[in-house]
Structure formats: structure tokens, C-alpha cells
Amino acid sequence: MLLGEQDQFLSYNGEVLVFQLSKPKQAEEADEKIMNLCVRRMVFNRDTKLFVQKSSGAFSMGASHSKIEMICCSCTTDSRTGIILPCILMKKKKRNSIKYFLLLLHSSDQFEPCFYFKLDYELKEDIRLFAGPSLLWIHANKLFYISSNTCVVQSAPVHLSCVVWTGEIVGEGTVVLGIRTACLPETEDPDEFCVSDRAIWGSEFFGYAIQSQKFLSGTCFMPHAYSRVVSSVYVCRTERLRKQLQISLVAITHKNQLVWFQNGAPKGVCELPYEKPCSVTPALTSSRDLLFAVSFASGNSCVVQRRDSLQVASKWQKVKCVLVDDFIGSGSEQLLLLFKDDSNTDVLSTFKITDLGEVNYASGISYKHDVPAAEGLQENGLLTVRALETRLQAGWTSVRELQQHLGLQKRVILESCRALIDLVEERTHILPNSKEVKCRRLPRSLLNSAKPFEGLVSLWDDVENPPDSLSKETSSASEVPEHFTEELWQRVVGDSLVVGVKLTESFYLSLSDVSLSLVMDQDFSSISPIIKCQSKIIKLNKAFSALAVSPSQIEPPPKKMKLDLHSKNDLKKEFPKRSSRIQLDGAKTVTAVTSLSPLLAFHRVCCVVLLHARRQNRQNDGLQQSKKITVLCGKILLNLEDISSGRYSIKMLRENSYCTGCMEDILAVLAVSVRFSFQIVSCDCTLTPVSSWLLGEMECTPFKECQDNIFCHKAGDVHGTIFNWALKNPFEGVLTIFCRNLTVLFQCLHSLTRVLPPSCNVKLLRSGSKAVLTEQLALALEKEMFTLKNSLFLKEAKAGNSLTWGNESGKKINNAPLASLLDTEEGVQQFRKKLQKEREESVQSMNQTLNGALYQKTALKIAEAQLSSDMIVWRLA
């Protein structure tokens with residue numbers, strides 16, 4: 001083969017690489033001892049519509065008494081870096097040996113020798129480059145391959161006639177798809193379809209994974225019937241769905257057809273316009289059309305378009321090479337066709353770039369009418385750059401203002417936290433001075449640049465005496481009794497920190513909307529000292545009937561318009577003196593739950609525990625006024641050493657068939673748990689299996705102090721779950737479950753349903769047992785009735801003070817007996833006048849108006865009572 005006829009073309013990142021073998025000029029008369037492999041990087045210029053040279057490089061090789069040829073080139077992955085690089089296979093043939101070597105081309109146009117090997121025969125059939133770089137070929141119906149990792153020629157334990165595809169498959173690595181003589185084991189069923197198919201055609205498809213040395217079934221690619229006609233394959237997409245390999249591919253056949261296969265079944269076929277197709281390459285255009293470029297041995301090419309069906313979209317003759325890449329930089333792929341032109345020595349002189357759509361460039365055509373004037377381009381570019389600079393400057397200004405606003409907001413929060421701590425610890429907090437007050441009256445532009453006045457400002461006017469509201473707020477702390485807490489404790493449950501405050505009975509009965517907050521005592525300038533936590537109220541009586549009330553409890557859908565209450569009280573807080581036995585003899589504990597891991601980042605943390613509530617003050621008119629109070633409950637210390645030693649961990653141990661957890665451990669578990677109650681009713685048989693299930697399968701043991709509630713010791717996710725089984729009668733009971741999450745709840749219910757009789761009915765109760773809710777509803781309706789009665793009596797009393805009952809003349813009607821009045825006509829008229837007067841006075845008394853403040857208080861109290869009763873009715877529904 002003459003020099004210049006071995007030109008190889010390769011597309012790489014939108015560039016066209018042209019490889020040529022040539023002699024250096026200084027070695028033309030040196031007995032041909034040196035040969036150069038030259039490369040030129042050509043890029044398409046959209047202004048001139050021509051290919052121009054971007055850069056070039058060369059690799060020198062000794063050619064003394066040898067013949068050097070380029071075998072093939074391809075883009076493969078370098079296993080060392082994972083970068084795709086151009087790779088060229090070279091052959092140097094001497095008299096007695098043949099040497100093959102691979103070269104990698106880097107972006108600097110430098111060639112790197114990858115590996116070489118020697119053979120005693122020439123490579124002629126199915127030579128393919130793949131990732132590594134690696135090389136495989138067929139010789140004497142055997143598969144051989146070599147990679148850059150081993151640099152040793154290896155043979156695969158397989159006999160085949162040809163290779164139709166090599167590439168990557170998900171989960172299998174590099175796979176070779178080939179055709180071999182059908183292997184029919186004697187153990188297989190002769191009636192099986194795939195066996196009979198292979199027996200008929202005498203050949204079969206198979207896949208061979210090189211890395212794992214595993215065989216893949218060829219039927220997932222295409223039926224064995226196509227093994228005698230398919231010459232080349234391109235796999236478009238591979239994926240695994242439910243451990244099943246899903247493959248989409250196109251194949252060209254010796255029958256001049258292109259066939260589309262989906263998961264081993266043919267989905268479409270197209271007749272090709274020329275004979276002897278050689279290869280097929282896909283292209284994804286800007287219109288999202290999938291094109292298949294088919295090359296033929298005669299030098300012709302065609303494009304098959306896949307939309308509703310496969311059809312030939314265009315065809316060309318005398319084509320030297322077809323490349324697919326983004327040559328114009330539009331973000332989609334185009335076809336580059338290089339035509340044979342004997343009259344021109346430039347390899348890229350005659351070409352065509354097309355995607356069968358809007359893109360259509362060809363050599364020899366003038367595009368001057370498409371190109372705007374250079375002056376217009378420069379002017380438009382200058383205006384665009386200026387507009388972008390203006391937008392960038394405006395965006396930067398907005399970001400800077402936002403940063404300053406966030407910084408000021410952060411300082412306000414920190415200063416507010418310090419003021420709150422000083423307030424509850426009865427220290428005097430120093431407010432910002434007057435200079436900072438004047439600073440807030442400046443415009444925003446001056447405020448951002450006024451660094452000497454930067455800081456927080458007072459929210460009040462510059463006066464010497466504090467406002468009355470502030471003095472009233474601070475005086476509320478003095479109304480709190482000295483001994484309002486019985487105990488302050490902390491526990492660690494999983495990744496949660498639980499802090500509990502046990503309140504005295506007399507103090508708790510006067511409170512509503514009770515919650516806890518945790519504030520870090522250290523002075524951290526970069527973070528907020530407020531710790532996000534969730535508060536719960538846990539009430540335990542002597543029989544350990546636990547009620548966990550969460551502030552985020554769901555509310556019923558509104559039935560009618562309600563007034564905006566000053567305090568949204570829970571029902572159990574509204575009736576502290578007339579509630580059920582559970583509250584009268586119970587200890588009141590308020591807990592706060594927060595995430596533990598963020599606190600451990602500080603290694604040692606001191607937190608202030610604050611109690612927030614509304615305190616009810618009863619007035620002479622029977623109404624109640626609530627006042628917000630904040631009380632310091634104490635401080636807790638938390639460090640990593642105590643957590644690691646298990647000082648605050650809960651200890652639920654078995655001892656003589658009992659659980660020995662203390663009351664604080666029980667409350668901590670309840671605080672981090674979610675409460676669910678289920679009513680279980682059985683019509684046919686008793687509910688004795690529930691107790692057996694709790695003590696047997698769930699491995700529960702009762703608490704020593706309160707045996708009605710049991711703790712689950714079973715290993716797994718359900719460990720730590722608390723159960724309460726209350727049997728109303730042998731056929732009905734309520735099972736209460738305190739679990740960490742819904743997953744644990746589903747596991748418990750799944751285990752329970754396997755032991756319950758099929759006729760059992762399990763119903764989720766929205767809140768507590770039905771008996772308790774019925775008692776609460778009676779109390780709520782009683783309070784609503786008394787509220788309405790008191791409001792009516794109040795109205796009559798107010799109206800009686802402003803009206804004079806009786807007739808306007810003050811004359812008294814004779815109180816003669818009714819019979820004597822009706823005997824005469826005058827008596828009847830007198831009785832009629834008296835009755836009419838009483839009617840008018842009654843109507844007049846019903847149309848009286850009340851004072852606005854008195855009406856507001858009355859309406860508020862009625863709305864509170866109605867809202868409470870509606871809440872109970874919804875929970876019972």
C-alpha cells in the first residue's frame with residue numbers, strides 16, 4: 001500500500017483527527033530509516049464554512065528493513081485516568097516477525113506508546129479496540145485479547161466464527177457478542193424453543209464477558225435465526241430491570257437490511273439501497289431524531305431514520321468516510337461525510353455536514369449572504385457584554401445587601417436571647433444607647449456604609465423610665481412561687497436528648513399552654529443559642545395511665561366560625577379542678593425533646609431550661625384572664641464523657657419477671673414515642689390471645705410499680721416499645737402502643753393480626769379511651785351550659801338596672817281575681833291591656849344592647865366552651 005493511501009480519520013470532541021504516515025524531509029535520502037506518524041486536528045469554522053487546522057503532532061519510528069502500517073484507530077478509555085483518548089494500532093513487519101504496538105494521543109498532540117506484542121501471523125479478522133486500551137481479534141476461530149494492564153496475549157475458552165460487536169454492558173463490563181457453531185448439550189430438553197432454533201440454523205449468538213469470563217445468553221440480544229445473516233451490530237442502550245438485562249440494538253444483515261431489536265425481539269426492519277453493508281453508527285440530532293448511518297463496501301452511504309418506523313432518509317455515493325460528532329458546536333450530533341475527490345489533494349476539501357434538518361453545510365457553496373457584517377457583530381457583542389456586566393453588578397449588589405441583612409438579623413436574635421436569659425435570671429439587661437437609636441433613622445444606603453454606628457438598635461424610644469408593659473412583664477416573675485418544680489432531669493434515648501421538669505400540683509393547676517425551651521448558656525457568636533425542641537406534657541396517675549399530649553396534635557375540621565382565642569388550651573388544661581381521676585391524683589411532667597448529635601459537636605454544653613406558660617387569674621365577674629410567664633427551671637450540663645459512659649442512658653432491665661426502669665426512664669421513652677390506641681372487639685371468642693402475645697412472642701415484662709403497662713424486650717426494631725392492655729370485658733379491650741415510629745407500629749400490628757381470631761375488629765382511636773372521652777364531653781357540655789346561663793343572667797341584670805318595669809304612668813292594675821275581671825266587659829278590656837303591655841315589655845327587654853367590652857368577654861367565653869365540646873365530639877367520632 002502506497003503512502004498517502006493509509007490516511008485514517010477519527011472524530012474526537014467535535015474535531016476531525018487526520019492520521020498520516022510520511023517521511024521526514026531530512027530523511028528522504030537516508031535509506032528510509034525513519035517514518036513519522038503525523039496527526040492534524042481540524043475544526044470547522046462557521047464563518048468560512050471550511051475546516052481549518054487547529055494543531056498538529058508527529059511520532060517518529062525507526063523503519064529500517066521494515067514496513068510500517070496503520071491498522072485501525074478508535075477512541076477508547078484510558079484505565080489509568082478514565083479519560084477517553086484516541087488510540088491507534090500500528091504494525092511493523094520485518095522478514096521473520098510481526099510487531100504490533102498501540103499509541104495514545106493526548107490533548108497536547110503528544111503520542112504515548114501504550115504496549116506492544118509480537119505475533120507469527122498477521123491480524124486480518126475482526127480487530128477491535130476497547131477500553132483499557134485493549135485489543136481483541138480472531139485467529140483460527142479462536143478469540144485472543146491483550147490489555148494495557150497485563151501486556152500479555154490471552155485466549156478465551158470459546159470457538160467462534162465472527163465478532164459482531166464489542167462494548168460495555170451494565171453490570172458485566174466489556175462484552176463480546178459473537179456467532180459460533182451451535183452447542184446442543186444432551187441434558188437439554190429437545191422440545192425447548194431455543195434448542196430447536198439452534199439445531200435448525202446450526203449457529204447461535206452468545207455473549208462473553210472478558211473481565212468475569214462469563215457467558216451470556218444470546219437470546220437477550222436477538223434470536224438465533226439471525227445468526228447466519230447478521231454482519232454487524234450496534235448496541236444503543238443497556239439497563240437492568242429487576243435483575244433482567246434489557247437491550248436495544250440495530251443490526252445490518254447480508255440481505256441488505258437494517259433490523260431494530262428490543263429485548264431480543266425484532267421491532268422494525270428497513271431495506272437498504274445498496275449491497276454489502278459494513279458498519280452502522282447512530283447519531284442523535286437537535287430535533288431528538290435517532291439516525292443510523294450505514295456504510296457500504298462499495299463506498300456508498302445512507303441514513304436510516306427511526307420515528308414511527310425505519311425508513312431511508314438520504315443516501316450518497318463515493319463516500320470515503322462517515323463520522324458522527326458535534327462538529328458545529330450546537331450541542332447535538334451531526335453527520336460528516338468525506339467524499340472521494342481525485343482532483344484535490346486536501347483530504348477535507350470535499351465534505352458535507354448535515355443532521356437532515358436545519359444543519360446543512362457543504363463544500364464549494366458560498367454562504368456570504370448568511371454572514372452578517374463584521375461591524376454589526378462587533379457592535380452587538382459590545383452591547384451584550386455591557387448588558388451582562390450591568391446584570392452582574394446588580395446581582396452582586398443584591399447579594400451584598402442580603403448578606404448584611406442576614407448578619408443584622410443574626411445579631412438581633414443573639415441579643416434577644418441574651419435579654420431573655422437576663423430577664424429570667426433577674427439581671428439588668430443594658431439596652432443599646434441613643435447613638436444606635438439614631439442610626440436606625442438613617443436611610444438604608446447610609447446605614448450600610450455607617451460602620452461607626454453599626455450594631456443593634458433599641459425597639460423603644462429614648463426615655464429614662466422603662467414602659468409599663470416591661471415593668472408588668474418583669475413583675476410577673478415575682479408572682480411565681482419559689483418551689484414550683486419538684487425535679488429536673490435529663491435522659492438520652494437513641495439520638496434524642498430528653499429534658500423533663502416535674503411541676504408541683506398546685507402550680508400546674510393554674511397553668512395552660514405549658515412548654516419548655518432550651519437555651520445554651522455559652523456565648524456563641526456564630527450560632528443561635530436557641531435549641532430547637534419539641535415539648536410534651538405527660539401525666540401519670542398511680543395506676544400509670546399515661547397521656548402524652550403533643551402541641552402539634554391534629555385539630556378537627558372547622559364546623560363553624562370561631563373567634564381567635566387568646567389561648568388555645570387543651571381540654572385537660574381547661575378543667576384542672578373538675579377533670580377525671582387521672583389528672584387529680586397525677587404528677588405533671590413537662591418534657592422537651594431535641595436532637596443530640598448537634599450538641600455533641602461542642603463537646604461540653606450548658607443549657608438553661610425555661611418554662612413558658614399562661615397563668616390563669618380568676619376575676620370577680622367569673623371570667624379568667626391569662627398572663628404569659630417565663631420561669632427559670634434550672635440548668636443542665638451535657639458532655640461527651642457522660643454520654644459515652646452511659647450516665648444518662650435509660651436502663652430497662654429484667655428482674656424477677658419485672659422491668660426495673662425508674663420513672664424518669666419511663667417518661668423519657670414516652671416522650672420520644674408516638675402514642676396509638678386501638679379498640680379490639682371480638683364477637684365469637686375472648687381476647688385471651690392478646691395477653692399471651694404480649695408476654696410470649698413480644699417478650700414483654702410489666703413495670704414493677706405499675707403492672708398494667710409492659711415493656712418490650714424483644715430484639716430488633718420493636719425493642720423499647722411500651723404496651724398498655726386494658727380489658728373492658730372478655731370480648732372488648734383497648735391496646736395502647738408507645739413506639740418510636742410508624743415502621744415499629746406496623747411490625748407490631750402485623751405480629752398481632754397473626755394471633756387474633758379472624759372475626760376480630762381492630763379500630764384506631766383518635767385520642768384515649770371512649771369512657772374517658774365521654775366523661776370529658778359531659779364536663780365540656782356542662783361548662784358550655786353554665787356559660788350560656790351566666791351570660792343570660794348577666795344580660796338581665798344589666799338590663800334591669802337601666803329599665804323601669806311596669807306601665808309608664810305608674811298606675812297599678814287592680815289585682816282582682818281573674819274570674820271577676822272576665823265577668824264584665826270593662827274587666828276584659830283591662831286584662832287585654834295588661835297582657836298587651838307585658839308583651840311590649842318583653843320584646844323591649846330582648847332588644848336591649850350591651851356594652852362592647854362586656855359583649856366581647858361574653859362571646860369569647862361562649863366560643864371557648866363551644867370549641868372544647870366540638871373537639872371532644874370530633875375525637876369520639
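Figure 1. Phenylalanine 206 is buried, at a relative accessible area of 3%. Buried means under 20% relative accessible area, exposed over 50%, and partly exposed in between (1.4 Å probe, protein chains only). The model is predicted: local features need pLDDT of at least 70, side-chain atom pairs count only at pLDDT 80 or more, and totals for chains, interfaces and linings use all residues. Residues are numbered from 1 along each chain as its sequence is written, and side-chain values use heavy atoms, with hydrogens and water left out. Arginine 180 lies over the face of phenylalanine 206, 4.7 Å from the ring centre. For such a placement, NZ of Lys or CZ of Arg must be within 6 Å of the ring centre and within 35 degrees of the ring normal.

**Figure 2. Two aromatic pairs.** The structure holds 16 aromatic pairs. The rings of phenylalanine 206 and phenylalanine 215 form a tilted pair, with centres 6.2 Å apart and planes at 40°. Rings of Phe, Tyr and Trp (its six-membered ring) pair if their centres lie within 6.5 Å; planes under 30 degrees apart count as stacked, over 60 as edge-to-face and the rest as tilted. Phenylalanine 215 is partly exposed, at 39% relative accessibility. Tryptophan 693 and phenylalanine 723 pair edge-to-face, 5.8 Å centre to centre and with 80° between the planes. This pair links distant parts of the chain: tryptophan 693 belongs to helix α12 (residues 688-695) and phenylalanine 723 to strand β43 (residues 722-729), 30 residues apart. Helices (H or I, at least four residues) and strands (E, at least two) are DSSP runs, numbered from the N terminus. Both tryptophan 693 and phenylalanine 723 are buried.

**Figure 3. An aromatic cluster, and a lysine over a ring.** Tyr100, Phe115, Phe117, Trp137 and Phe144 make up one aromatic cluster. The charged end of lysine 99 sits over the ring of tyrosine 116, 4.4 Å from its centre.

Figure 4. Aspartate 325 lies in strand β25 (residues 319-325). Aspartate 325 is buried but has no salt bridge; arginine 41, the nearest side chain of opposite charge, is 10 Å away. A salt bridge is a side-chain nitrogen of Lys or Arg within 4 Å of a carboxyl oxygen of Asp or Glu. Lys and Arg count as positive, Asp and Glu as negative; His and the chain ends are not counted. The aspartate 325 side chain reaches the backbone nitrogen of glycine 14 at 3.1 Å. Leaving out residues up to four places away in sequence, aspartate 325 touches residues including Ser11, Gly14 and Glu333. Contact means heavy atoms within 4.5 Å. Serine 11 sits in strand β1 (residues 8-12). Serine 11 is buried, at 14% relative accessible area. Its side chain reaches the backbone oxygen of valine 324 at 3.4 Å.

**Figure 5. Helix α11.** Nine of the ten residues of helix α11 (residues 663-672) are buried, so the helix is largely enclosed by the rest of the structure. Among the buried residues are Glu664, Asp665, Ile666 and Val672.

**Figure 6. Methionine 871 in helix α17.** Methionine 871 is part of helix α17 (residues 852-876). Methionine 871 is buried, with a relative accessible area of 19%. The C-alpha atoms of methionine 871 and leucine 777 are 9.0 Å apart, although 94 residues separate the two along the chain.

Methods: A polar contact is a pair of N or O atoms within 3.5 Å; within protein, one must be able to donate a hydrogen and the other to accept it, and residues adjacent in sequence count only if both atoms are side-chain atoms.
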